[in-house]
Amino acid sequence: MAIWPASSSAPSLPSTLDASVVQEFAARLRGALLRPSDPGYDGARAVWNAMVDKRPALIARCANAEDVATAVRFGREHGLLPSIRGGGHNVAGLAVSDGGLMIDCAPMKGIQIDPAGRTARAESGVVWGEFDAATQAHGLATVGGVVSTTGIAGLTLGGGQGWLTGKHG
């Protein structure tokens, strides 16, 4: 697995990964593939914690679950250190890897509410404020975080205390 040291300069791709391979990867994605020289790269690599200043070699801005699977396979096949960005809050900075492949799920904002079944499904780029607004429109609420800009994926997987936790667990 290729691992690059942290640096303030833009990373380069591993020498075993030529431009045609990267272009084929980009063509397989419904979302965008960003390189350090592309417009939008700096914004896509940023997380809420501005002290985190890591520079991935590639950023796959996933549009759907198939893009995520394609990115995971590409990273594994080419030895790129992966990182996953959900809603982008990420205090610890683990959502961005220096020189690796950042799998950015932030564009994945789908939310489906079943009011009769009292259930909700949401994609991994949704933040808590978006999820609350969608569920509250149907008279539903969930336990979760108290910071509306925190991604639901991180809180669901990593834990978090919400306004309803004390009463409902």
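Which side chain does a polar contact of 3.3 Å join to that of Asp104? The partner is Arg85. The legends below describe close-up views of a predicted model.

**View 1. Asp104 contacts two arginine side chains.** Asp104 sits in strand 4, residues 101-104. Its relative accessibility is 0%, so Asp104 counts as buried. The side chains of Asp104 and Arg61 are joined by a polar contact of 2.5 Å. A polar contact of 3.3 Å links the Asp104 side chain with that of Arg85. Neighbours within four places in sequence aside, Asp104 is in contact with Ala44, Ile59, Ala60, Arg61, Cys62, Arg85 and Gly86.

**View 2. Helix 3 has a buried side and an exposed face.** Helix 3 has 13 residues. From first C-alpha to last, helix 3 reaches 18 Å, close to the 18 Å expected at 1.5 Å a residue. Its buried residues are Asp67, Val68, Thr70, Ala71, Phe74 and Gly75. They cover an arc of only 165° around the axis, so they lie on the same side of helix 3. These buried residues pack against helix 1, strand 2 (58-61) and strand 4. The face turned away from the buried side carries the exposed residues Ala65, Glu66, Arg76 and Glu77.

**View 3. The two ends of helix 3 involve Asn64 and Gly79.** At the start of helix 3, a side-chain oxygen of Asn64 comes to within 3.2 Å of the backbone nitrogen of Glu66. Gly79 follows helix 3. The phi of Gly79 is positive, near 65°.

**View 4. Val72 of helix 3 is seen with Ile103.** Val72 lies in helix 3. With a relative accessible area of 39%, Val72 is partly exposed. Val72 and Ile103 are 31 residues apart in sequence. Their C-alpha atoms are 7.8 Å apart in space.

**View 5. Phe25 and Phe74 form a stacked aromatic pair.** The model has two aromatic pairs by the ring-centre rule. In the Phe25 and Phe74 pair, the rings lie 3.9 Å apart, centre to centre. The angle between their planes is 5°. Planes under 30 degrees apart count as stacked, so this pair falls in that class. Phe25 belongs to helix 1 (residues 19-28) and Phe74 to helix 3 (residues 65-77), so the pair ties together parts that are 49 residues apart in sequence. Phe25 is buried, and Phe74 is buried too.

**View 6. Trp128 and Phe131 form a tilted aromatic pair.** The rings of Trp128 and Phe131 are 5.5 Å apart, centre to centre, with 50° between the planes. Trp128 and Phe131 are three residues apart in helix 4, so about one helical turn separates them. Trp128 is buried, at a relative accessible area of 7%. Phe131 is buried as well, at 8%.

View 7. Helix 4 spans residues 128-136. Which residues of helix 4 are buried? They are Trp128, Phe131, Asp132, Ala134 and Thr135. An α-helix has 3.6 residues a turn, so residues three or four places apart point the same way.

**View 8. Strand 5 and strand 6 form an antiparallel hairpin.** Strand 5 covers residues 111-114 and strand 6 covers residues 119-122. They pair in the antiparallel sense over four bridges. Ile113 has Ala120 of strand 6 as its bridge partner. Four residues lie between the strands of this hairpin. Arg118 takes a positive phi there, near 55°.

**View 9. His89 is a buried loop residue.** His89 is found in the loop between strand 3 (82-85) and strand 4. Its relative accessibility is 12%, so His89 counts as buried. Residues up to four places away in sequence aside, His89 touches Val47, Trp48, Asn49, Val147, Thr149, Thr150 and Gly151. With one of these, Thr150, His89 makes a side-chain polar contact of 3.2 Å. His89 and Gly154 are 65 residues apart along the chain. Their C-alpha atoms are separated by 8.4 Å.

Notes: Residues are numbered from 1 along each chain as its sequence is written. This is a predicted model: local features need pLDDT of at least 70, side-chain atom pairs count only at pLDDT 80 or more; totals for chains, interfaces and linings use all residues. Side-chain values use heavy atoms; hydrogens and water are left out. Buried means under 20% relative accessible area, exposed over 50%, partly exposed in between (1.4 Å probe, protein chains only). Rings of Phe, Tyr and Trp (its six-membered ring) pair if their centres lie within 6.5 Å; planes under 30 degrees apart count as stacked, over 60 as edge-to-face and the rest as tilted. A polar contact is a pair of N or O atoms within 3.5 Å; within protein, one must be able to donate a hydrogen and the other to accept it, and residues adjacent in sequence count only if both atoms are side-chain atoms. Contact means heavy atoms within 4.5 Å. Two strands pair if DSSP finds at least two bridges between them. The expected span of a helix is 1.5 Å times one less than its number of residues. The arc is that of the directions from the helix axis to the C-beta atoms.
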